[in-house]
Structures are given as structure tokens and as C-alpha cells.
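I opened this structure to look up a few things. My entries follow the display.

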Amino acid sequence: MDLGIATVVPIIVICYLIGIGAKNAPIDNKWIPVIVGICGGALGVIALYIRMPDFPVSDIISAIAVGIASGLASTGVHQVGKQLTK
């Protein structure tokens, strides 16, 4: 199983944008990782069923796991950027 980052970048970017939207919504910031994790899991399933080129998994449980990890990675990307600008 190849877990190259380039194959899941679209999921990370979409989840990052969802996280920015959630940050501007009237919800507590502690829920943003949960929101992007759930969205990432859903996007992982979608990527599996639309047969995204070079998607690293071939079963639904792994697709959900890769999606959730990608969604949570978007939170990490945001935190790295935030820490570097301080």
C-alpha cells in the first residue's frame, strides 16, 4: 500500500477550506478537528468510489481512515502556518 502524500492532497485542501469556513462560523474552535475529520472520511469514500487516480487504498475502511487522517492533516497544516508566522 503506497501512502504517497500527493494522492491525498485534494482531500487535505478541501478539508482545510472547510476548516477555515468552520473557523468563521459561530461554533467553538474545539469542534473544527472533528468537522474536518468527518469531512475527510466522507471525501475518502467518495475518492474510492469515483476511482481517483493513484488513491492508495481499495477498501472502504481504509478509505475512511485515509480520509480522516487527511482531514486532520489539514488542521496540522494550519497550525504549522500559524506557528511559523509568529
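I looked up Phe55 and found it in the loop between helix H2 (32–49) and helix H3 (60–84); helices (H or I, at least four residues) are DSSP runs numbered from the N terminus. I noted that this is a predicted model, where local features need pLDDT of at least 70, side-chain atom pairs count only at pLDDT 80 or more, and totals for chains, interfaces and linings use all residues. Residues are numbered from 1 along each chain as its sequence is written, and side-chain values use heavy atoms, with hydrogens and water left out.

Is Phe55 buried or exposed? Phe55 is buried, at a relative accessible area of 11% (buried is under 20%, exposed over 50%, partly exposed in between, with a 1.4 Å probe and protein chains only). Leaving aside neighbours within four places in sequence, I listed its contacts (heavy atoms within 4.5 Å) as Val8, Ile11, Gly44, Ala47, Leu48, Ala63 and Val66.

Next I searched the whole structure for disulfides (cysteine sulfur pairs within 2.5 Å) and got zero. The sulfur of Cys15 has its closest cysteine sulfur in Cys39, 6.0 Å away, which is too far for a bond. Cys15 is buried, with a relative accessible area of 0%, while Cys39 is partly exposed at 23%.

Last, I checked H1 (residues 9–23) against H3: their axes come within 8 Å and cross at roughly 60 degrees. Axes are lines fitted to C-alpha atoms, for helices over the stretch in contact, and angles run from 0 to 180 degrees between N-to-C directions. From H1, the contact is made by Ile11, Ile12, Cys15 and Tyr16.

Key
Helices (H or I, at least four residues) and strands (E, at least two) are DSSP runs, numbered from the N terminus.
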